Amino acid sequence: TVSGAGGRCAPSGWASLAEDLQLYCRGGLANASNVIFTARQDDVHRLLRSGVRAVVLHDDASEYFALRAAAEVDGRAPPRRAAAGHPPLRGSMGGFYTTGEVRSEFARLASEYPAWVGAPAKVGSSRNGRDLWVSCVGTNQGRCLADRSRPTVLYTALVHAREPATVMCLVQFLRSLLSSAAAGGAEATHLLAHRKLLFVPVANPDGYAWNELHRPHGGGMKRKNGARSCTRSPDSADDGVDLNRNFGHKFGYDDVGSEASGCSEMWRGEGAFSEPESRAIRDLVQTHAPEVVLHWHGWGNDVALPFSYDWRAPISAADLETHQELGAEASARNHYGVGRAWESVGYPVNGEAGDWSYAAQGAASFTIEVGNSRDSFWPPPSRIDPIAAESVWAATYFATAAGPQLQLGSVSLATGGAAAGSAP
């Protein structure tokens with residue numbers, strides 16, 4: 001864990017820096033006097049050689065995150081029960097859910113709201129044989145997954161295994177939607193009756209399981225999936241394919257937005273859709289043709305839209321305007337930044353999930369990066385509820401925008417007095 005202040009990185013070497021370092025180096029945090037980020041030792045040395053003043057706060061990021069969580073839990077009262085009768089939004093892994101706790105939460109929601117929440121359906125297996133599953137939410141539970149008549153939205157979390165706030169955001173949105181509908185809320189009731197909502201809460205089960213095994217108190221830094229790729233240290237945090245570089249649009253476009261080394265955090269894999277996890281998402285999109293796709297990631301407090309692979313990437317003016325309008329409305333309440341990846345998160349990405357679902361399937365596709373630089377990949381427990389609350393409106397709005405909606409185009413005011421004979 002490193003604190004950096006002053007200066008900017010030299011242009012050379014940007015591509016090989018971790019994502020959060022790229023954000024800093026490219027000026028994405030230009031208004032910050034300093035920023036805290038995680039980095040591998042070789043990246044820290046490269047950063048120092050670039051002229052940036054940096055101080056190593058802790059030489060083990062995983063331990064730093066786990067100790068931060070433990071200190072906060074030890075010094076605070078237990079979290080209160082959530083609104084509408086839900087249990088606290090907390091798990092046993094540094095405050096975040098384990099894979100089993102995610103399953104238990106969806107089972108609880110299906111039990112409490114059986115008319116709206118379906119049982120998990122297997123959509124594939126991970127590299128190491130773990131289930132990839134989806135839950136279909138809507139009023140037509142007899143045939144929710146089979147229904148092709150409703151506008152559909154796909155939500156995913158934990159594409160990157162070291163971003164556990166993403167699954168908490170997904171669960172909080174679903175809880176909020178169900179609680180509002182149960183209380184008679186018109187918007188939530190309408191969405192459940194007229195949309196098909198698909199939830200993939202653990203898109204990278206192998207990576208998340210590795211973090212659970214090696215860092216059961218939180219702070220696991222494995223990002224990629226369960227592929228063996230790094231000959232220096234088999235079965236380590238450096239192994240695996242970055243699933244968000246493994247999709248089919250502009251796969252391997254360059255070595256800036258993804259990398260060719262199996263030890264890199266951004267290794268794209270041997271080929272497009274080489275990984276069963278990215279294929280499972282591909283198959284869901286091809287089968288259900290969602291109008292909108294939303295992937296939760298962490299961190300950055302921004303909303304990214306296509307295209308991510310190159311700032312020169314051609315996109316029609318109409319499609320860009322649509323994505324910008326939807327993104328701006330989705331961020332109206334949390335004030336996240338909005339733009340294509342190089343405008344919002346500060347670096348290009350190729351082989352990216354949202355680029356593929358838009359280019360290949362025409363879905364309006366978004367990535368929402370939750371949490372700030374001090375939250376980093378494993379926010380302290382006290383930040384779970386605020387972070388999760390910030391994306392509820394965005395996820396709700398995307399569900400609304402997936403289908404017909406009444407939009408006010410203009411308002412005009414007539415001047416002058418009342419007509420003769422009219423009531424005052």
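The following dialogue walks through some features of a predicted model, from the chain as a whole down to single residues.

Student: Where should I begin with this predicted model, and how many helices and strands are there in the chain?

Tutor: Begin with the overall inventory, and keep in mind that everything here is computed from a predicted model. The chain has 13 helices and eleven strands, and of its 424 residues, 55% are buried. Among the contacts with a separation of 6 or more, 75% are between residues 24 or more positions apart.

Student: How do I read a relative accessible area, and is V56 buried, partly exposed or exposed?

Tutor: The general idea is a scale with two cut-offs, since buried means under 20% and exposed means over 50%, with partly exposed in between. V56 has a relative accessible area of 48%, so this residue counts as partly exposed. V56 belongs to strand β3, which covers residues 53-56, and its C-alpha atom is 9.9 Å from that of Q41, a residue 15 places away along the chain.

Student: Which residues does H323 touch, once its neighbours in sequence are left aside?

Tutor: Here the idea is to look past the residues within four places in sequence, and then H323 is in contact with L305, P306, Y358, A363, A364, S365 and F366. H323 sits in helix α9, and because its relative accessibility is 3%, below the 20% cut-off, it counts as buried.

Student: Is W342 buried, partly exposed or exposed, and which residues does W342 touch?

Tutor: W342, at 26% relative accessibility, counts as partly exposed, and its place is in helix α10, residues 341-344. Not counting residues up to four places away in sequence, W342 touches F307, S308, D310, W311 and Y347. For one of these, S308, there is also a C-alpha separation from W342 of 6.6 Å, although the two residues are 34 apart along the chain.

Student: What does omega tell me about a peptide bond, and which bond joins P306 and F307?

Tutor: Omega is the angle to read for a peptide bond, and the bond joining P306 and F307 is cis, with omega about -5 degrees. F307, which is also among the residues that W342 touches, lies in the loop between β9 and α9. A second case is the bond from G298 to W299, which is cis with omega near 10 degrees, and W299 is placed in the loop between β8 and β9.

Student: Which charged residue lies over the face of F273?

Tutor: For this feature one looks for a side chain placed over the face of a ring, and R282 lies over the face of F273, at 5.0 Å from the ring centre. In another such case, R162 lies over the face of F377, at 4.1 Å from the ring centre.

Student: How many aromatic pairs does a search of the whole structure find?

Tutor: The search finds 17 aromatic pairs. One of them is formed by Y64 and F65, and it is edge-to-face, with 5.6 Å from centre to centre and 65 degrees between the planes. F65 itself is buried, with a relative accessible area of 3%. Ring pairs can also join into a cluster, as they do in linking Y155, F173, F199 and W296.

Student: Finally, how many cavities of 30 Å³ or more are found, and how much space lies in the largest cavity?

Tutor: Seven cavities of 30 Å³ or more are found in the whole structure, and the largest holds about 120 Å³ of space. This largest cavity is lined by 14 residues, of which N244, V349, E352, T367 and E369 are the closest to its centre. Sorted by class, its lining has five nonpolar, five polar and four charged residues.

Note on methods. Residues are numbered from 1 along each chain as its sequence is written. This is a predicted model: local features need pLDDT of at least 70, side-chain atom pairs count only at pLDDT 80 or more; totals for chains, interfaces and linings use all residues. Side-chain values use heavy atoms; hydrogens and water are left out. Helices (H or I, at least four residues) and strands (E, at least two) are DSSP runs, numbered from the N terminus. Buried means under 20% relative accessible area, exposed over 50%, partly exposed in between (1.4 Å probe, protein chains only). On a 1 Å grid over the protein atoms alone, a cavity is a set of points where a 1.4 Å probe fits but cannot get out, and a pocket is an open set with protein on both sides within 12 Å along at least five of seven lines; lining residues have an atom within 4 Å of a point. Grid points are joined across faces, edges and corners, and a volume is the space filled by probe spheres set on the points. Ala, Val, Leu, Ile, Met, Phe, Trp, Tyr, Cys and Pro count as nonpolar, Asp, Glu, Lys and Arg as charged, and the others, Gly among them, as polar. Rings of Phe, Tyr and Trp (its six-membered ring) pair if their centres lie within 6.5 Å; planes under 30 degrees apart count as stacked, over 60 as edge-to-face and the rest as tilted. A charge sits over a ring if NZ of Lys or CZ of Arg is within 6 Å of the ring centre and within 35 degrees of the ring normal. Contact means heavy atoms within 4.5 Å.
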